[in-house]
Each structure stands twice: as structure tokens, then as C-alpha cells.
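Let us take a friendly walk through the charged pairs of a protein model, and then look at a patch and a sheet. Keep the picture in view as you read.

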Amino acid sequence: MIHSLFLINHSGDIFLEKHWKSVISRSVCDYFFEAKEKAVEPENVPPVLQTPHHYLISIYRGKLFFLSVIQTEVPPLFVIEFLHRVADTIQDYFGECSEGVIKDNVVTVYELLEEMLDNGFPLATESNVLKEMIRPPTILRSVVNTLTGGSNVGDTLPTGQLSNVPWRRAGVKYTNNEAYFDVIEEIDAILDKSGTTVFAEIQGVIEACVRLTGMPDLTLSFMNPRLLDDVSFHPCVRFKRWEAERVLSFIPPDGNFTLMNYHVSSQNLVAIPVYVKQSISFFETGPCGRLDITIGPKQTMGKTVENMMVTIHMPKAVLSANLTATQGNYTYDIATKVLVWDIGKLNPQKLPNLRGSLSIQAGTPKPEENPSLNIDLKIQQVAISGLKVSRLDMYGEKYKPFKGVKYLTKAGKFQVRT
Amino acid sequence: MTDSKYFTTTKKGEIFELKAELNSDKKEKKKEAVKKVIASMTVGKDVSALFPDVVNCMQTDNLELKKLVYLYLMNYAKSQPDMAIMAVNTFVKDCEDPNPLIRALAVRTMGCIRVDKITEYLCEPLRKCLKDEDPYVRKTAAVCVAKLHDINAQLVEDQGFLDTLKDLISDSNPMVVANAVAALSEIAESHPNSNLLDLNPQTINKLLTALNECTEWGQIFILDCLANYTPRDDRESQSICERVTPRLSHANSAVVLSAVKVLMKFMEMLPKDLDYYGTLLKKLAPPLVTLLSAEPELQYVALRNINLIVQRRPEILKHEMKVFFVKYNDPIYVKLEKLDIMIRLASQANIAQVLAELKEYATEVDVDFVRKAVRAIGRCAIKVEQSAERCVSTLLDLIQTKVNYVVQEAIVVIKDIFRKYPNKYESVIATLCENLDSLDEPEARAAMIWIVGEYAERIDNADELLESFLEGFHDESTQVQLQLLTAIVKLFLKKPTETQELVQQVLSLATQDSDNPDLRDRGYIYWRLLSTDPVAAKEVVLAEKPLISEETDLIEPTLLEELICHIGTLASVYHKPPSAFVEGSRGVQHKRLPGSAGSGDSVDSPDTASAAGVSEAPPAVIPSQGDLLGDLLNLDLTPPTATGPPPAPSSGLQMGAMDLLGGGLDSLLGGDLGGSPALGAGFGAPPAAMPASFNAPVSGGLDDLFDLGGGVGMPMGSYSPPKTVWLPAMKAKGLEISGTFARRAGVIQMEMTLTNKAMSVMTDFAIQFNRNSFGLAPAGPLQILTPLSPNQSIEAALPLSTVGPVMKMEPLTNLQVAVKNNIDVFYFSCQYPISMLFVEDGKMERQVFLATWKDIPNDNESQFQIKDCHLNSDAASNKLQGSNVFTIAKRTVEGQDMLYQSMKLTNGIWVLAELRVQTGNPNYTVSLKCRAPEVSQCVFQSYEAMLKN
């Protein structure tokens, strides 16, 4: 199982280590540093490394490496999932997952790690269980604790630990009972030069924020559940009812959680909301090239496309860009060779256009690679797959909760090839 | 206020201050101090000096303080075992605490303290906790057993904890069940043969029930445990599958993959015609696809596993090609894996799409990825025959880009395409040759050389091209050197007239100037092949090469089966069996997929036909030595795996290697090493190609031969005739030369006595030879340093080389010599015995001898009688051996000894002889066979001379 954990920052300093079995010298990380050196970009460090006596499994989150040391055969996915859970928990507790925050809360983080694993076996990873045992720091609490000598470690057994609904604690009380669901869809797509869809799919997620008193039992049903043939659920969802009736029936965890992920892959269901007309060319002679990009709405379901942004990783030889945007601003970072065009709202009447010349380092050959365009966008109030929640019912409690559903479509990994 | 304040230090010394604070009366101050200590500890500072002070804080009712002290204890108890004992009492007391949280915490912490004295005290509390009324305590205690086992396995067994743990599998609480399973699995890993997890239908049922109710991590433990079970029949298998399927929709990817493992394994037992089987296949695709939308690290592990799944059951994901299309911001390790799977899924139906993508990738920025994309195009060509033409034209387009590494990769894969579709795309060779100069990577250079050698007859200037490579021979990598050697030998065999010099050059480079044993050995083998029997050489070197096939990069089926049983584990990431690399697992059992239920359904549905094909005709993996031998057959270019850990060599390679062995090399190997039968056996059965009639006597004779070799060694020097007068004094103004020839230590010497019969002193001697049949020439000047006075004689030995100009003489062994001194130049001619030219390595191998003997036409055979020779056959053999006439075998037929002998002349001509010796008959019969029959007469004369001296 998981033997040790090292937290390593961007520049390669180990700033926290935790061992769940015997202590392993931090020199084991040298193998990792070697791989990191080789990979150049931190994103490209292979997640599973083999050393003579150990395995190193790492993730890269928030400019930090979470590096675990493994000595026996352990499912690597198990470890990776767990490491992400650690990062999630830190994020959940302190609002962000960064070196500074962890250093500021080092003892709490250490206590959390101790609570999350025992002998390398996961012990408590549910956020609400952890929060019952180790209370997240708030300014108010630390003031109170200082005054009263109280502690931020709970001394009763978390109720969720053993019940059949480990994700929910007992005795939850709210004055305002509310349940909000956000249906968020991301479009992953690759469009080729001519604008034809090479590949498109939707990654959907239903994020919930449920603050309900007692032990509510919720049922969420959809207008068109047939869309969903590839789903993964939070453990609270009763799978049998989904199989039989295509409704989500569950006792919700308290607070924020991801109710379900889904995946729509059949291409006729994936609407591509914008089209992109582009040409980026470099001349055979002379140190320059031309760029001309126009973006227009395509299938937007009658909604406005917002937060439009185009990012282009230019070939290394491109020194600068001299462009004019009819709408929005553009920046070109010479160091990273990234051109960003921030458009904002897409106006169907007056299509935004960016054009001008690119100058190339003199003497270098014409760049061979074709830069891809990365598109960012948002469409409010619509799930692009057409998924719609029809109703939410609550059983088990008497009060009437406040309910709400929001829809949002975003571009995920949306790229246009040139 | 943040924890960073704990790191501030003062001048007085941190430890000193902390000590004071720890002993403070105020609770709050104590807690803060412990926090500071912990903070120092987490960043690796040594605060062990504070041990007694921290332990003193342990007895508290403040849970947070207690936990902090426990954290400290776990870290430092090992280094301070005597002090740690102080804590034992508190632990034992805490194990009785009414609060289950404290009981659990105590037993959990005790288990983490790896000190023997403490573990002794742990047993009793642990026993109680395992039977605690509170499930939270029980589940903590279950894990504690695993901890204790890690520290002291014997203790755990003696105390009977394992049985208690087994009982916990039937616990009413699913969390306890899951932890018990996890603990048992971990313990079982160090006891591979113990029957700890004795799975039977009842326990399976309990596990399946717990599966629905426990945490995600518990589900992983239970699923992994289920995967070790072998259901009794297809019905049980189906019912387990049905109950596991819902796990495919879990948000935790590790749960999903463990569920996939169980299903992949148990599916094997389901009859293929069952409806449920089809349903299950359909259900497997979506979760696998979903894994690819997770974080990149998860994607990577998922992709490595999908790679296995696709090989075992390609039908699951055959319609999902597009999800493996590469996004440009994927991390490189994900890109490379996706590419690999794209190739595996490529089929006639989707090849157009795949090729378009690959072409797109070939213009990306990342060099590694571009290379792999180019290789992938080649693999497509090999895999999908209909696409080969398009692939080749795509590759040609890419070559036109002139991007250096793209061109090189393209050439490497085109070589593979040639291997797969011979005589189809050779028209592109011209384009390839244009790029010869830009190749700087060994693999590309080797590939290009291979192409030139293989198609030498179609490339007009093949010799020039290869010659240009030869210039920097020593700077090339071994791969290129080997390939160059082979290519030139091929060229020579195809165009022998123009390339003789080239081949000699490369052979001498390889054999004489190289330190690389592989290169040298290959050089020698070619050399011998060429010199013994060019026909055989042609057959070996230009043999039709087995076609390579797409299976070359598939994982070998038994390994694949084992890996399928290990889906989701490290083994599946590395594509190696766990036994190969997991250090902790001592002697892992090899897992096998269960057999299919029923015997009638061995025929797969058409969908699975390709998978079935693989398992029925497994591409055997070559044993390592085969690999090496495959090398000899110029197949050393890596098979077109391009990616992936262990590149499984193609079955074709193996065949090639075997052929080569069968063709007589095994005797070469066996013979050289002095008849170690084990070695011979290692290389397989004797070649079936030999006619039995030849085979029998010779193998009988082989033993004799070894006896001979053992007894004799090299007793006598080579035969040398007595000196005769070559130049009488009267013909040479008083200089008389008599002389003879001898072969000493491998050097031919002309031994002369020069006598001055004139009245004046002779000086300034020099010697020169006319061109002669075997290229004899003085290897140095004639060493006569002192002037030769009248009536004085001097002995001179002149070493001879055989690299001089050649002209056929009549008689063959005639040598015309010119000797000069201060008086004049004199000419004479003499004859040397041909036995001078028999070289030391003239011992032919048994099988080669047989083949050669057969191969030389009977017209070339001549028979001679040697009269009045009174040696027995052994003595004759000895005597002849002294002059480098080697007896290969001996057999006795009806009182007649037959000696089979070989000798080799300095110019590489082989002479084969059969010497018949009949006891009591002084007349020998010699039959000589040689491709150059002119030498037979001379050889016969030598025989007579050698035997009678």
C-alpha cells in the first residue's frame, strides 16, 4: 500500500513528507528529479516510475507534485485517485492547494494525512467525515479556540464513518434548506483545417450543493435520460434504480459534491457552437507570415456565446505579432510563444476578426509545424447535449426545500487545427 | 495566525525553548509546543531530543494533544526504543477507554510503532479490539494485524490473529469486511502459497454483499480479491459478473478498473453464444472511454490497461477509435500511449481516418511524438494491407518535407514495409537514396544500408553507396557496422565481379580491426561461408526472408493472459508479469485466465476471430539466444515495434534463425567446442537436411576424431623437403644457392644456403620473385648483413607472404626467382611443395565437409595411389596433421580405415580428401576433390612426400 508521501514544489524542493510505515529516506526522490529533469515540462513527468526498490507514483496539481512511494504491488489508479483526493481535501479545507497554504497549515495537513491513511490503507477520505474529526480552520474558530483553549480536533466518533451512508453525517441542521444542481457540460472537440469535426464529445458533470436538514432522500429525474448511456455516480446514487427507472435516487452528502459524471460521445448529439475561419501561413521567403482568424456562431441553441478566447501556441521561430482585432484584445508572449486573443461576447452581427502579420526570426527556416487554435467559450443556461432536469423530489423529511438547477456549457479541450 | 509561526526560531536555540514550553503547566502552551515539534518534524528536522518531554504530554484528555503526541511517537519510537516503553502503559489504558475513537486510535498507533518491546504489549489489546463491539474499532484492529505481521509475522501466526482476521470476512459491517480483506491480501502477498484467502461460494457471497455498501477503497480491495477467485461454472461466473457490473459506473476510476478486471477474467468462462456475454461486452466500452476524460495521470494508467484489453478483446473498443485521437495539450506520455492503441484498433474500416490523424501528428512540435507518429504510419501499412499504398505515399510526402528526423523515421519504417510487401514498392528506392546524406541516426543508416544491400541488383551505384559508408566504418555504431557487413556481402553475392575488393575490405575491417565480438564473428562466418562454398553462402545470406507481420508487437498470449488477470496493477502498467519485478512479492503465483465453459464453443464469434487467431497460433517468443542468432541473418534491425516495452521479436525471425542453424551451423558450434554434447543438444536436433547415409558414418566418426585430437595435439612440424641445389655456382658467377621451403608457425619460409665459390667478396644481396600461381612474395628483404667471403656459406631464411601478384604457372608450384648481388643478377626457378600453402584453419566442419563433398561435381575427383607406405591410419593422420591436413572423421569399413581430410590453401581453395588405408597393404588410395582440380596433382605429390617422410 502507500508507504510514504512527499510534497514537492515546482523547483524541486521537498517541503513535506509523511510516512505511514517505516521511514523512507527522501533520497528516493532523486529518481523522480531525474525524470523531471528529463521531461522538461512538469506536465510531462511520467506518473509511474520504477526505481530499484520502490515505485514512485506522482500527480501534478497546482504546480505541486504529490509523490507517493510504493513498495508492493498496488493498483496505481488507486494511488493516483488517492493523491488527487489529498489535493482535493487540501483545496476543500484551505480554499486552494498551493505550497504557501500547505506550509501555513502544516500541522493540520499532517493530521489530515494521518487521518486519511492508516498503514497505507485509506481510512477516511470523505470530506464531511474528515471535517468532523479535524475542523477546517476559520478565523472565528481560531479566535474562539485561543480564548477558550478549545481544539479543532473533534473528540467524538464521526457518525458517517460506519453508517451505511458514510458520506453523510447525522444531525445536520439548517434554517434555510436548499438544494442546487449545476449541470455543466464541456465540449471536447478537434476540428480540422476545413472546419470538419474530426472528433467531438461532451464531458458532463452534475455538481450539487445540498444543505438540507436531517436525512433527506432525493430523487432527480430527467426529461431525456436516454442521452446518458455512459455515466459514473457518486457512491450515494442507487444504481439499481438508475438501471430500472433512469432516475437518480440518493441520500445526498452534506454540502458540495459531484453527483454524477457523464459522457456523450455520439457525434450527432454534440453541437459545435462556433465556427472558425482561419489561415496562418508563413512565406517561403522573407521573415514573416500572415494570420487571419474569424469566428462566428454556429449551433448555439439561441444563446449568446460568452468569454470567447483563442489561444495559439506559435512555432518557436515567431518573434512577434503585429495584428488588429476588430473586437477584444490580443497579447503575444514572446517567452512562451503563446498568442491569446480575448474576445468576450460573440456578436452574430459583427463577427470578430483578428488579422495581421507575424514576424519570424531572420535566418530560420520556415516553421514546419502547424499551430493549433485552442478555443475557450461559455454558454449560459444551456446544456449543449440538450440534457434537462425535469423534477427533484424529496422524501424522508417534512420541510419544503428551495430547489434550483443551472445549466452551463463550456469549451473543454476544444481545438482547431490549421 | 498560521502554522508558519511554528517555524520561527530564536537565538537561544529552538530545542531549549521547546523543552521549556513542553513542560509548561498551561495546557494551551503545551499544545502549541507539541505543534511546533510536529511542524519541525514534518520538514525533516531532528527533534528526537525532546522525546521524554513530548511523551509526558501524552496523558491528557485533550484528543488533539493526544493525537499530536501519537504522531510524534510513531516517528521517533524506533530511534528511542527504551523511551518508547514509557508510553506503553498509556496505550494499554487507552485501549480500554469508553470512547471508541480513543480505543481505535491507541491500537492503531501501537501498530505503527515498530519496536519489539511495544509489539509484545500490543497482543492483548489487539485481541480485544478485534472483537470490540464497535465496528470502527474492529476495522482499525483488522489493519493493525497487517501492520503487526509486517513487523513480526511469526508472532501474528502464533497468536492466532490470522484466524480472527478470517472470521472478520463474515462481519456484519461492510467496512470491517473490506479492511479484513485488505489486510489479508497484504499478508497473503508475502505468503504466496498460504491459503489465507480461502475463497468459496459463501465468502464470495459475503464479499459481494459488502461490495455494495463499503467505501470506494473497500470496493477496490474486495474487487481485487474477487478477481482471484475461480468460479465453479459459467452460471456462478455470470452471477458474479452481474453483481459487479454496477461498479463500472463508479466515480472512482480505480474501482472501475478493478471491476473491469473481474469482468474480463470471468467473461472467459461464459459461453460466447450467451446473450449476456454480448451485453457484457457492450457494457465494458463506456467506462473505459470515460476513464480517458479523467486527469492525465489516470488516463495514462487506463491507457496502458486498455492496451492489454484491446489485444485480448479488440471487439470491445473497435468503434471507439476517435476517443484515442491525440489532443495537442495532452502530456507526452498520454500521447504516446494513445498512438499505440490507435494502431491496435486500426482496421480497414477506419484506416483512412487514422492515417489522416497520423499525418497531422507528423507535423507536431514534439519530436518524440512525431517520430512515433511516423512509425505508426508504417505499422498501419503492415497491419492493414489495403492501406499500404496510401501509407507509402504518405511517408513519401513526409520525406519530401526534408525535416531530418521525419525522414529518418520514414526510412526506418519503409524498410519494414519492404519486408512485408516485397517487390511492390521498390520504385521509391530512388527517392530514399536521395536522402542518404542526411541520415545521421544509426537506426536510419542501418535501415538504408539494408535497403541498398537487399536491392543491390536494382541500384546501379549500390557499390558506390556502400563504399561511401565504409569510409567511416570505425565510427559507426555496431548496428550500422553489422548491417554494412551484411549488405556488402549481399552485394558481392549479387554482383561478384565488381565488388570483390569491397567485400575483402569489409571482411578485414570486421574481422581484424574490430573489437566487437559480434561483428568479428559475423565477419568470420561470412568469410568462411564465402571461401568454402559461395553457393551455400548465397543460400544463407540471400535466403528468402520471412515476412514480418503485425503480430510482431503483440504481447505474447500467455503473458497477455497473465496480465489480464492483473489489470489495474503495476504489472499492467509495465506489461511485465509481477514475478518479474515486484520486489515485495516473493514468488508470486502466475495467474491464468479460467478456461471457457463447455467444450463446444471453442469457436469464437467472427468478431473475436482475430483474438482467437492469436491464441491459437501464438507467435512464439524467441529465446534470448535465438535473438542473437537471428542477428546473424542480418535481421538485426529491430522489428517494427516502435514502442512499447519488451519488443517481442517476430516468429519469422525465429524461423530464420532455425534455418540457419539447421543448415550446418550447429555443427560449427558443437564441433568447435570440442564435442560437448549438451551444447549441441541445446541447438536442436541434427539437421534433417543431411541424407541419412552420410549422417550415420560421420557422426560415428566424430567420436574417433575427438580421441585423435586429444591424443595427438601438434607433435610434428610441417613436412619440409630436403634442400636441393637451385642455383649451381657455375651458372651464377660463383654463387651457389641451395634451399627448401618450410612452414613454421604459420609462416612460409624459404630457407636457403648461399655459398660463395668465387674469389671475391659478395655483398648487397637482394631477392625478387616472378608472379606465380599463389601470389608468393618475399615478406621482407633478404637478410644477409655481412659480406659473404670466398668459400663461406651463410644460412638465410626468407619469410614469404601470399599476397603478391598472381599468375598461373606451369607446373603449378613453379617459382621463378631473381637474386642479385654486387656482381650480377641471377635467375633460377624452383618448385615448392604445395603443402606449404596449407593453412592452419583448414579444418572443415563435419557437416560442411559433407555438403561440400556432395556439392563438388564428381568430374573434379581424382584418385591416386600411394605405394609402399607403412604407416597405420592414425600415424598417417598425425603426420598429415602436422602439415595442416586435418582429419575430419574416420571410419572403418571392412578392415579399411577411411580418413576424411580437408586442407585449405592460402588463397582459400579447399581441398577435400579421402584417404583409404588397409591394414597390411602398403598401398594407400587418396581421392581428392576440389573446385580447382588443377591443384589435385600437386596435393597428391605432397601427400606422398608428407607420408613418406
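Over all chains, the count comes to 60 salt bridges, where a salt bridge is a side-chain nitrogen of Lys or Arg within 4 Å of a carboxyl oxygen of Asp or Glu. Side chains of opposite charge can pair when their charged atoms come close. This is a predicted model, in which local features need pLDDT of at least 70 and side-chain atom pairs count only at pLDDT 80 or more, while totals for chains, interfaces and linings use all residues. Residues are numbered from 1 along each chain as its sequence is written, chains are lettered from A and ligands numbered from 1 in the order in which they are written, and side-chain values use heavy atoms, leaving out hydrogens and water.

| Salt bridge | N to O distance |
|---|---|
| A:Arg26 and A:Glu17 | 2.6 Å |
| A:Glu243 and B:Lys283 | 4.0 Å |
| B:Lys261 and B:Asp224 | 3.2 Å |

How covered are these residues? We call a residue buried under 20% relative accessible area, exposed over 50% and partly exposed in between (1.4 Å probe, protein chains only).

The salt bridge between A:Glu243 and B:Lys283 joins two chains, because A:Glu243 lies in helix α7 (residues 239-245) of chain A and B:Lys283 in helix α16 (residues 275-291) of chain B. Helices (H or I, at least four residues) and strands (E, at least two) are DSSP runs, numbered from the N terminus. A:Glu243 is partly exposed, with 39% relative accessible area, and B:Lys283 is partly exposed with 32%.

B:Lys261 and B:Asp224 also form a salt bridge. This pair links distant parts of the chain, 37 residues apart: B:Lys261 sits in helix α15 and B:Asp224 in helix α13 of chain B. B:Lys261 is buried at 4%, and B:Asp224 is buried at 18%.

Salt bridges can also link up: one network includes A:Lys18, A:Glu114, B:Lys67 and B:Arg108.

Now for the sheet. In chain B, an open sheet of 5 strands has the order β1-β2-β3-β6-β5, with antiparallel pairing; two strands pair if DSSP finds at least two bridges between them. Its edge strands are β1 (724-727) and β5 (777-778), each pairing on one side only. Strands β3 and β6 of chain B run antiparallel and are joined by 8 bridges, and B:Thr755 stands opposite B:Ser793 in β6(B).
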